Amino acid sequence: MIDFLNQLDTQIFLIFNGLHSDFFDSFMKLFTGRFIWIPMYVAFAAVVFHVCRWQKALVYLIAIGAAIALTDQTCATLIRPAVERLRPSNLENPLSELAYIVGGYRGGSYGFPSCHSANSFALAVFMSLLFPRRRMVYMVLGWAVLNSYTRLYLGVHYPGDLLVGAIIGSAFGALCYYGASLAAPLPKAERLARTHEPLLSIPYIGAASPADSKSGAALTVKVFVIPASMTAFAVCAATLAYIILKSL
């Protein structure tokens with residue numbers, strides 16, 4: 001059974017790892033970067049502080065940090081040294097001769113399970129439970145899926161690495177969320193209502209309204225309001241647009 005799963009994992013890896021283009025080589029390498037998503041993490045933190053009182057916000061942010069730390073340590077410190085499954089990109093793995101490697105990046109020695117996938121899903125599941133708005137859930141889970149897929153595309157993880165990492169991360173994300181919700185309860189209806197409230201206000205010059213035009217002004221200063229539920233989405237979309245432009 002184990003041999004069959006390994007063979008299936010390898011075949012799926014070779015199929016998806018073999019789908020390449022110059023654009024996606026650049027896109028996946030940028031997308032998988034940790035630092036490029038810092039603005040989105042900051043936007044998430046801003047939404048948490050906007051929706052919760054600062055005492056409860058700190059509880060939830062600490063819980064997010066705990067979920068990622070537990071996930072990362074479980075994968076990297078406990079499971080990887082015990083399993084010792086070489087990455088497909090590792091030169092000691094015979095499969096490395098068939099793997100497509102982007103920019104010479106091969107990662108570390110062992111890859112089961114994927115910390116990248118695990119950490120992404122720990123954050124995604126936690127935020128989906130904290131802010132169960134459809135827009136937020138689709139955005140953050142879509143980001144986690146694509147962030148995980150980049151590791152397969154770059155040749156540093158098998159599909160099984162990503163799947164097991166996603167399961168572990170999701171479990172810790174849910175566990176830490178429910179722990180935080182017990183320590184700092186915040187009703188779902190209240191959370192959803194506050195995500196409708198404005199978080200960012202951006203002034204801009206626009207055409208004057210009929211009332212303003214009576215004074216002779218053709219233009220006036222207006223304010224574009226971004227609700228809390230849209231802020232993280234907007235930052236994520238802006239980052240994605242930047243990655244696409246850099247990859248062209």
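1. Tyr177 counts as buried, because its relative accessibility is 7%, where buried means under 20% relative accessible area, exposed over 50% and partly exposed in between, with a 1.4 Å probe and protein chains only. Tyr177 and Tyr178 form an edge-to-face aromatic pair, with 5.1 Å from centre to centre and 70° between the planes; rings of Phe, Tyr and Trp (its six-membered ring) pair if their centres lie within 6.5 Å, and planes under 30 degrees apart count as stacked, over 60 as edge-to-face and the rest as tilted.

2. On the basis of the note: this is a predicted model, in which local features need pLDDT of at least 70 and side-chain atom pairs count only at pLDDT 80 or more, while totals for chains, interfaces and linings use all residues. Residues are numbered from 1 along each chain as its sequence is written, and side-chain values use heavy atoms, with hydrogens and water left out.

3. The protein has 10 helices and 2 strands, which are DSSP runs numbered from the N terminus (helices H or I, at least four residues; strands E, at least two). From the N terminus on, the order of the elements is α-α-α-α-α-α-α-α-β-α-β-α. Of the 248 residues of the protein, 42% count as buried.

4. The structure holds 14 aromatic pairs. Ring pairs also join Phe23, Phe24, Phe27, Phe31, Trp37, Tyr41 and Trp143 into a cluster.

5. The largest pocket has a volume of about 330 Å³. A pocket is here an open set of points on a 1 Å grid over the protein atoms alone, where a 1.4 Å probe fits, with protein on both sides within 12 Å along at least five of seven lines, and lining residues have an atom within 4 Å of a point; the volume is the space filled by probe spheres set on the points, which are joined across faces, edges and corners. Of the 17 lining residues, Tyr41, Ile64, Ile68, Asn119 and Leu123 are the closest to the centre of the largest pocket. Helix 5 gives the most to this lining, with 5 residues.

6. Ser117 has its place in helix 5 and is buried, because its relative accessible area is 1%. The side chain of Ser117 makes a polar contact with the side chain of Ser148 at 3.1 Å, a polar contact being a pair of N or O atoms within 3.5 Å, of which, within protein, one must be able to donate a hydrogen and the other to accept it, while residues adjacent in sequence count only if both atoms are side-chain atoms.
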